[in-house]
Amino acid sequence: MANLEKGLIQIYTGNNKGKTTAALGLTLRAVGHGYHVFILQFMKGRQDYGELQGLKRLEPECRLEQYGSPGWVFKGQAEENDCREARAGLERAREIMMSGEWDIVILDEIVNAIWFELIPEEEVIELLAQKPEHVEIIMTGRNASPQLIEKAHLVTEMVDIKHPYELGIQARKGIEY
């Protein structure tokens, strides 16, 4: 296993698509260089997204687990099961991060999990404070707070300039999902 000398904290945020895709692109690059990447998806309820099949081809250097209920979560209306799933994901992230087996830990949609009030932001900030020196953390999701942005070394905002939805083009299999 390759080891990073200094792991950083990255955030991919913003209202446009591409946050998870950017994290998965980093995954592909990292595995190609011998790093081990663990992806935890929050709020994605064990759905069969196209990337799940592709990521299986990167095993054992890359692993993915999903933490979320099937269906939508609405801000201010989270059910106990939604919160329980998010907390389980956060605890698993801590376990993975501290295990010494993984170079990069991707917390996909964790920023949304905070915004939708499934997990307290303070607990995520506490997780970041416990990060071992050699572990890189990638967080994705809309609405990154100033507090999270302050903790990160790199923040990229996906800005909506033009989108096919404006032309009535729906999400396409293999491209958007």
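Where does asparagine 143 lie? It sits in the loop between strand S5 (136-140) and helix H6 (146-151). The views below come from a predicted model.

**View 1. Asparagine 143 has a positive phi.** The phi of asparagine 143 is about 65°, although this residue is not a glycine. Its loop links S5 to H6. Is asparagine 143 buried, exposed or partly exposed? Its relative accessibility is 36%, so it counts as partly exposed.

**View 2. Glutamate 117 also has a positive phi.** Glutamate 117 belongs to the loop between helix H4 (110-115) and helix H5 (121-129). Its phi is near 65°. That value is positive, in a residue other than glycine.

View 3. The bond runs from glutamate 59 to proline 60. Its omega is near 10°. Proline 60 is placed in the loop between helix H2 (50-56) and strand S3 (62-67).

**View 4. Helix H5 has a buried side and exposed residues on the other.** Glu121, Val124, Leu127 and Leu128 of H5 are buried. These residues span an arc of only 115° around the axis, which means they share the same side of H5. Glu122 and Ala129 are exposed on the other side of the helix. What covers the buried residues of H5? The cover includes three strands: S1 (9-14), S4 (104-108) and S5. It also includes helices H3 (80-98), H4 and H6.

**View 5. Strand S1 is largely enclosed.** In S1, 6 of the 6 residues are buried, so the rest of the structure largely encloses this strand. In a regular strand, side chains alternate between the two faces of the sheet. Both faces of S1 are covered. Ile9, Ile11 and Thr13 are buried on one side. Gln10, Tyr12 and Gly14 are buried on the other.

View 6. S1 and S5 pair in the parallel sense, over 4 bridges. Which residue of S5 stands opposite isoleucine 11? It is methionine 139. S1 is also joined to strand S6 (residues 154-158), by 5 bridges. These two strands run parallel as well.

**View 7. Arginine 92 is a buried residue of helix H3.** Arginine 92 is found in H3. Its relative accessible area is 19%; buried means under 20%, so arginine 92 counts as buried. Which residues does arginine 92 contact, leaving aside its neighbours within four places in sequence? They are Phe38, Leu40, Arg63, Glu65 and Tyr67.

View 8. How many residues of the lining are nonpolar, polar and charged? There are 11 nonpolar, 13 polar and 8 charged. Helix H1 (19-32), H2 and H4 each supply at least two residues of the lining. H1 gives the most, with 4 residues.

How values were computed
Residues are numbered from 1 along each chain as its sequence is written. This is a predicted model: local features need pLDDT of at least 70, side-chain atom pairs count only at pLDDT 80 or more; totals for chains, interfaces and linings use all residues. Side-chain values use heavy atoms; hydrogens and water are left out. Buried means under 20% relative accessible area, exposed over 50%, partly exposed in between (1.4 Å probe, protein chains only). The arc is that of the directions from the helix axis to the C-beta atoms. Contact means heavy atoms within 4.5 Å. Two strands pair if DSSP finds at least two bridges between them. Ala, Val, Leu, Ile, Met, Phe, Trp, Tyr, Cys and Pro count as nonpolar, Asp, Glu, Lys and Arg as charged, and the others, Gly among them, as polar.
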